[in-house]
Amino acid sequence: MNLDKHTRALVDHLSAAADLDSAAAVLHWDQQTYMPPGGVPARAEALATLSGLSHGITASDETARLLDAAGDPEAGSDAEAVVRVARRNHERATKLPSGLVAETSRATALAEPAWRRARADRDFGSLVPHLQKILGLQREAAQHLGYEAHPYDALLDRYEPGATKARLESMFADLKRGTADMVRAVSAARDERTAPLRGAFDEARQETFGKAIASAFGYDWGRGRQDRAPHPFCINFGGPGDVRMTTRFDPDRLSPALFATLHEAGHALYEQGVDPAYNRTPLAGGVSLGIHESQSRLWENVVGRSRSFWSHFYPRLQDAFPEAFGGTSAGDFYRAINAAAPSEIRVEADELTYNLHVVLRFELEVALVEGSLDVPDLPDAWNAKMEEHLGISPTDDARGVLQDDHWAIGFFGYFPTYTLGNVLSVQLFEAALEAHPEIPAEMQRGEFGALLAWLRENVHRHGKKHDPEALIEQATGRPPDTAPYLRYLREKFGELYDL
Ligand code: ZN
């Protein structure tokens, strides 16, 4: 990066905070993969200390002084982006007392294993005190961060700069209106097209097959690895040089691990593609969760559930699992992986009903944050919303309110970024196709070079240099828009279900 001496001094000062965040990320990763249960209390203290130190640097008077000295660099330059992002981080950090930050880190480190136990025991009651503590800290954080219209906006802005509850409500209304007739039609269909996906799937072969696809996408194993965790995630330590994925395997079903791997590979490709010049600076890493999710959903769904993709990979899947797929046609497999029906589990939901799972969580967390819903009443409220939006009731809390760890780890305001990602994934893919009409033909050969190159050039390499909306406008020529996504759903599911 070409920086003037004032911006360089600011970056050098903040690099220690970036290092502390990388160290905390390693501890998080370890906690969710290999750490024995006995490590929980000490790990919670270590994470609280690291986040407190990092917060201290970002919020320090020295950072304020260096920001003043850096002034307002030339628009469009790296220096201008560094100062803009560093200033936003500093302002956010000074609004939050360091005690609140450390307490949140400690509380969430204790609640994450409590959530794991509660889910295994189907015992929501054991998680209630943890969630009450975390919700209290989140509401306190919203007051410190400040907002214009609603406390939820303050929490949302941490993940998606510029997004608001009001604009999300209008996006969700668009999506509900645009898909309601299709959701009704597939609910009535009640067919058995997912049957080919059930069987016996050796875990080692699942792992090998998933890794082969990640390699074909362009994931660099020299700068990453894949481990097992109860909740699949992607995490990076200090830049594109170490970007890891996790997954979980179900020996009776192929799709959970397969599509989780494609999804996390999409996140990982983004992080591996950020300009290494941004390492240890405020511009490192993906710009927002919505943009991040646009990458994971693009590879998982727009690519990974397409006919072009499977025309190459299905014969290979049949070779890997001859007992399960020897007698299933490519067409039946395509219909199976795209079968749509209201279901209980968000991470396994089809593209058509997925966003309804997000609407439900969005409405519940807004109610929790504004205080119109209490934590002990959450399971009942959850079940009522499932009925309202999806027309079904969960079998139990493990397949209902306990299925996601987000609230236990303090991620209030996070869920809507999944739907933003869905919407943006198709907008970006359309723009890539326009620039490279050869992409579908490449996919039929199991090659993804043109697509990855377009994403690298227009999205990945920029890191946090441009704010989310500006990045989308620059990459696609227009602001974020639900129209391409609704068009895509109508075309795909219209064909699949003769609508
Ligand atoms: Zn994701």
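This is a predicted model: local features need pLDDT of at least 70, side-chain atom pairs count only at pLDDT 80 or more; totals for chains, interfaces and linings use all residues.
Q: What is the volume of the largest cavity?
A: On a 1 Å grid over the protein atoms alone, a cavity is a set of points where a 1.4 Å probe fits but cannot get out, whereas a pocket is an open set with protein on both sides within 12 Å along at least five of seven lines; lining residues have an atom within 4 Å of a point. Grid points are joined across faces, edges and corners, and the volume is the space filled by probe spheres set on them. This rule gives 5 cavities of 30 Å³ or more. The largest cavity has about 100 Å³.

Q: How many charged residues are in the lining of the largest cavity?
A: The lining has 13 residues, with Leu131, Val401, Asp404, Trp407 and Ala408 closest to the centre. Here Ala, Val, Leu, Ile, Met, Phe, Trp, Tyr, Cys and Pro count as nonpolar, Asp, Glu, Lys and Arg as charged, and the others, Gly among them, as polar. By class there are 10 nonpolar residues, no polar ones, and the number of charged residues is 3.

Q: Which helix gives the largest share of the lining of the second largest pocket?
A: This pocket has a volume of about 470 Å³ and 18 lining residues, with Val302, Phe429, Tyr488, Glu491 and Lys492 nearest its centre. Two or more lining residues come from each of H12 (307-320), H17 (416-435), H18 (439-444) and H21 (483-497); helices (H or I, at least four residues) and strands (E, at least two) are DSSP runs, numbered from the N terminus. By class, the lining holds 9 nonpolar, 2 polar and 7 charged residues. The largest share, 6 residues, is from H21.

Q: Which residues coordinate the zinc ion?
A: Donors are N, O and S atoms within 2.8 Å of the metal (3.2 Å for Na, K and Ca), and water is not among the atoms, so sites may look incomplete. The donors follow the spacing H-x3-H-x25-E along the chain. At 2.0 to 2.3 Å, the zinc ion is coordinated by His263 (NE2), His267 (NE2) and Glu293 (OE).

Q: Is glutamate 293 buried or exposed?
A: Buried means under 20% relative accessible area, exposed over 50%, and partly exposed in between (1.4 Å probe, protein chains only). Histidine 263, at 10% relative accessibility, counts as buried. At 3%, glutamate 293 is likewise buried.

Q: Where is arginine 280 found?
A: Arginine 280 has a phi near 60°, a positive value in a residue other than glycine. At 40% relative accessibility, arginine 280 counts as partly exposed. Its place is the loop between H10 and H11.

Methods. Residues are numbered from 1 along each chain as its sequence is written. Side-chain values use heavy atoms; hydrogens and water are left out.
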